[in-house]
Amino acid sequence: MKINKKMKDVVVLVAAAVVDVTNFITSSEASLQAKKTASLLKTLNVNALIIGPSGIGKKTLASFILPHAMVYDASNFDELLTALESSNEIIISNINLSPNIQRLVESIKKNSVRVIATSSNYILSNEIEELCSIKVDLPPLSERAEDVAALVELFLEEAYGLFGGNKELCSLDNMTPDLSQNGHSLRRQVMITYLLQEIKDRDLMELLENYLYDKLGSKNDYKKFLYLYEAPLIKAGLKKYKSQLQLSDKLGLNRNTLRKKISENKQYL
């Protein structure tokens with residue numbers, strides 16, 4: 001299948017968005033307190049653990065505490081053990097995923113390495129509890145509304161730097177922030193929204209064509225994929241016209257027919 005440049009950019013962005021790129025923002029009280037604790041940790045020679053879900057800025061905060069330390073994922077166990085033998089300080093991400101916590105802690109103590117670790121699991125082993133004397137709990141973005149707004153602006157600036165164009169024409173007012181993966185999903189959403197701000201009918205149809213190409217194959221595909229057209233049309237219409245009555249008039253549909261369509265597509269609305 002032929003893929004145009006705009007679509008390639010979307011694919012690249014979606015792939016890149018799985019990386020933890022969340023800049024640590026201190027617009028909310030929770031993140032501000034976390035930053036204050038991190039500032040204190042910069043002056044103390046103690047091990048610490050930053051806990052919270054993926055995409056909330058744990059590694060960014062860890063790098064603020066140890067700006068010159070390398071980051072190693074605990075699941076890459078052999079690489080991490082080798083690094084501990086030649087480091088004075090280190091950042092260990094996903095320490096809860098280490099295949100051998102006891103051996104890892106023993107190596108840290110043996111080599112006298114200062115550690116700032118991150119974990120997405122709140123249930124910790126005794127070894128981790130004893131290793132990290134200070135814990136910083138970062139809540140998800142769904143509990144940090146002020147940080148979400150600041151991150152949207154940050155990602156919008158990033159999109160402008162990557163793609164150029166006129167950022168003033170990119171309206172995000174009607175965008176419901178996608179916080180399903182915290183900063184990861186929010187960044188992806190802003191990037192794609194910005195990239196597609198000047199999308200043409202042909203571009204949109206080509207996107208759908210490429211999406212459907214690998215999906216087609218059953219005997220009921222027309223009905224199966226009709227939601228790709230109906231759901232966004234109904235969702236946009238309800239948002240714009242505020243009532244089913246007005247929307248049915250604008251779409252030229254009987255009100256009962258519209259209600260049926262809404263019911264059929266309710267999981268996407």
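Author: This is a predicted model. Start with the second largest pocket: α11 (227-241) and α13 (255-264) each supply at least two residues of its lining.

Reader: What makes up the largest share of the lining of the second largest pocket?

Author: Helix α13 does, with three residues. By class, the lining has three nonpolar, two polar and five charged residues. Among the lining residues are Glu230 and Lys261. The volume of this pocket is about 210 Å³.

Reader: Why is the contact of Lys261 and Glu230 called a salt bridge?

Author: The cut-off is 4 Å between a side-chain nitrogen of Lys or Arg and a carboxyl oxygen of Asp or Glu. Lys261 and Glu230 meet at 2.7 Å, N to O, so the pair qualifies. The pair links helix α13 with helix α11, 31 residues apart.

Reader: Why is Glu230 called buried, and what is Lys261 called?

Author: Buried means under 20% relative accessible area. Glu230 has 12%, so Glu230 is buried. Lys261 has 23%, so Lys261 counts as partly exposed.

Reader: How do you know that the length of helix α7 agrees with its residue count?

Author: Helix α7 covers residues 145-163, 19 residues.

Reader: Which helices do the buried residues of α7 pack against?

Author: They pack against α2 (29-41) and α8 (183-195). Asp147 is one of the buried residues of α7. Its side chain meets that of Arg144 in a salt bridge at 2.8 Å, N to O. Arg144 is buried too.

How values were computed. Residues are numbered from 1 along each chain as its sequence is written. This is a predicted model: local features need pLDDT of at least 70, side-chain atom pairs count only at pLDDT 80 or more; totals for chains, interfaces and linings use all residues. Side-chain values use heavy atoms; hydrogens and water are left out. On a 1 Å grid over the protein atoms alone, a cavity is a set of points where a 1.4 Å probe fits but cannot get out, and a pocket is an open set with protein on both sides within 12 Å along at least five of seven lines; lining residues have an atom within 4 Å of a point. Grid points are joined across faces, edges and corners, and a volume is the space filled by probe spheres set on the points. Helices (H or I, at least four residues) and strands (E, at least two) are DSSP runs, numbered from the N terminus. Ala, Val, Leu, Ile, Met, Phe, Trp, Tyr, Cys and Pro count as nonpolar, Asp, Glu, Lys and Arg as charged, and the others, Gly among them, as polar. The expected span of a helix is 1.5 Å times one less than its number of residues. Buried means under 20% relative accessible area, exposed over 50%, partly exposed in between (1.4 Å probe, protein chains only). Contact means heavy atoms within 4.5 Å.
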